[in-house]
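Work through the exercises below with the sequence and the coordinates open. Each task is followed by a solution in steps.

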Amino acid sequence: MTFQPAKIPWQDRPEDSRDMMWRYSANPIINRYAIPTSNSIFNSAVVPFEDGFAGVFRCDNKAVQMNIFAGFSKDGINWEINHDPIDMKAGNTEMIESDYKYDPRVAFIEDRYWITWCNGYNGPTIGIAYTFDFKEFFQCENAFLPFNRNGVLFPEKINGKYAMLSRPSDNGHTPFGDIYISYSPDMKYWGEHRCVMKVAPFEDSAWQCTKIGAGPVPIKTEEGWLLFYHGVINTCRGFRYSMGASLLDLEDPSKVLYRTKPYLLAPAELYELTGDIPNVVFPCAALSEGDKVTVYYGAADTVVAIAFGYISEIIDFMKKNSL
């Protein structure tokens with residue numbers, strides 16, 4: 001059976017807006033109580049699948065246990081999320097222990113969908129699994145030692161190796177963090193760790209001066225890998241998460257070609273300012289179609305929202321406003 005790719009969710013820029021990215025007028029698209037057990041649903045990943053879309057969703061239950069759930073949609077906006085969390089089977093390892101799972105990303109590479117997430121194994125590290133159908137999932141070896149977060153795969157091998165971005169951290173609410181890249185020949189053993197991006201000096205770009213982390217799977221363009229990422233400033237009211245973008249070299253993604261000095265999207269709407277964790281815009285997935293891009297993000301650690309933009313405009317904006 002062959003499937004026609006579904007159109008990505010899209011809404012034209014409002015006539016009175018000059019912003020590089022603009023929000024969906026009916027945000028949030030997934031509310032905190034979308035399944036019976038959930039306290040919140042946020043920081044989730046979606047990909048094209050068959051004649052629609054599939055996703056892996058962070059759903060914290062009413063005991064605030066963190067886990068990931070599969071879901072499906074025809075239009076990328078209206079979702080049916082399974083009521084039970086993903087039940088992992090053994091992949092390239094028998095060691096599939098997990099104290100918690102949160103903040104998934106999904107990348108299609110060659111013949112399957114790879115899921116990465118923050119996995120609880122004596123502290124946060126990067127869990128890896130794969131699926132062919134979003135019904136059976138096979139967990140693999142953790143990529144790194146604790147402590148690490150924001151593991152994001154590139155959607156194709158680079159120089160014959162799998163490549164993953166991550167953010168080494170600590171066991172708590174990390175007050176620091178830079179983005180690194182690592183490589184693997186087999187999705188089991190990881191090495192060749194290189195620094196990609198550091199936090200910005202407060203005086204230059206304060207919204208990203210405390211920590212940064214990779215967001216959606218990078219998008220390949222003629223000019224480089226387009227990476228949306230989150231940046232954090234520690235304010236008198238706590239951490240504030242915003243979204244920016246960078247362009248990485250196609251052959252050597254440890255080289256940053258451009259990086260936004262101003263943010264692209266920051267907490268401003270009520271659903272971003274108010275929730276379990278106020279003042280959070282946390283991108284985890286991006287769908288592209290031609291020059292259009294739709295970014296899925298967690299808002300206030302409570303709900304899922306989407307925003308839109310044009311890839312060419314974002315790259316041009318980066319070039320004119322780069323750190």
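Contact means heavy atoms within 4.5 Å. The model is a predicted one: local features need pLDDT of at least 70, side-chain atom pairs count only at pLDDT 80 or more, and totals for chains, interfaces and linings use all residues. Residues are numbered from 1 along each chain as its sequence is written, and side-chain values use heavy atoms, with hydrogens and water left out.

**Exercise 1. Overall dimensions**

Task: Decide what radius of gyration a compact globule of 323 residues would have, and set the value of the chain against it.

Solution. Step 1: the radius is taken over C-alpha atoms, and the globule rule is 2.2 Å times the number of residues to the power 0.38. Step 2: for 323 residues the rule gives a value near 20 Å, and the chain has 18 Å, which agrees. Step 3: the C-alpha trace spans about 50 × 45 × 40 Å along its principal axes. Step 4: among contacts between residues at least 6 apart in sequence, 52% join residues at least 24 apart.

**Exercise 2. Secondary structure and surface**

Task: State how many helices and strands the chain has, and what share of its residues is buried.

Solution. Step 1: helices (H or I, at least four residues) and strands (E, at least two) are DSSP runs, numbered from the N terminus. Step 2: the chain comes to two helices and 22 strands. Step 3: buried means under 20% relative accessible area, exposed over 50%, and partly exposed in between (1.4 Å probe, protein chains only). Step 4: buried residues make up 56% of the 323 residues. Step 5: the chain exposes about 13,900 Å², of which carbon and sulfur atoms supply 49%; these areas come from the Shrake-Rupley method with a 1.4 Å probe, and for residues only the protein chains shown count as cover.

**Exercise 3. The nonpolar cores**

Task: Find which residues touch the most other members of the largest nonpolar core, and list the contacts of Trp-79.

Solution. Step 1: a nonpolar core is a set of buried Ala, Val, Leu, Ile, Met, Phe, Trp, Tyr and Cys residues joined through side-chain atoms within 4.5 Å. Step 2: the largest one has 37 residues, and Ile-29, Trp-79, Ile-81, Phe-134 and Tyr-296 touch the most other members. Step 3: two or more residues come from each of β2 (38–49), β3 (52–61), β4 (66–73), β8 (112–120), β20 (281–289) and β22 (303–310). Step 4: leaving out residues up to four places away in sequence, Trp-79 touches Ile-29, Ile-30, Val-46, Phe-53, Ala-54, Gly-55, Phe-57, Gly-71, Phe-72, Ser-73 and Tyr-296. Step 5: another core lies apart from the largest one; its 33 residues include Ile-128, Ala-163, Tyr-183 and Leu-227. Nonpolar side chains tend to be buried together in soluble globular proteins.

**Exercise 4. Helix α2**

Task: Identify the buried residues of helix α2 and say why they line one face of the helix.

Solution. Step 1: within α2 (residues 311–320), the buried residues are Ile-311, Ile-314, Ile-315, Phe-317 and Met-318. Step 2: seen down the axis of α2, they fall within an arc of 160 degrees, so they line one face. The arc is that of the directions from the helix axis to the C-beta atoms.

**Exercise 5. Backbone geometry**

**Exercise 6. Polar side chains**

Task: Describe the surroundings of Gln-11 and Thr-210.

Solution. Step 1: a polar contact is a pair of N or O atoms within 3.5 Å; within protein, one must be able to donate a hydrogen and the other to accept it, and residues adjacent in sequence count only if both atoms are side-chain atoms. Step 2: Gln-11 lies in the segment before β1 and, beyond four places in sequence, touches Trp-22, Arg-23, Tyr-24, Ser-25 and Phe-308. A polar contact of 2.8 Å joins the side chains of Gln-11 and Ser-25. Step 3: Thr-210 is in the loop between β14 and β15 (211–214) and counts as buried at 13% relative accessibility. Its contacts beyond four places in sequence include Pro-175, Phe-176, Val-232 and Phe-239. A polar atom of the Thr-210 side chain lies 3.1 Å from the backbone nitrogen of Asn-234.
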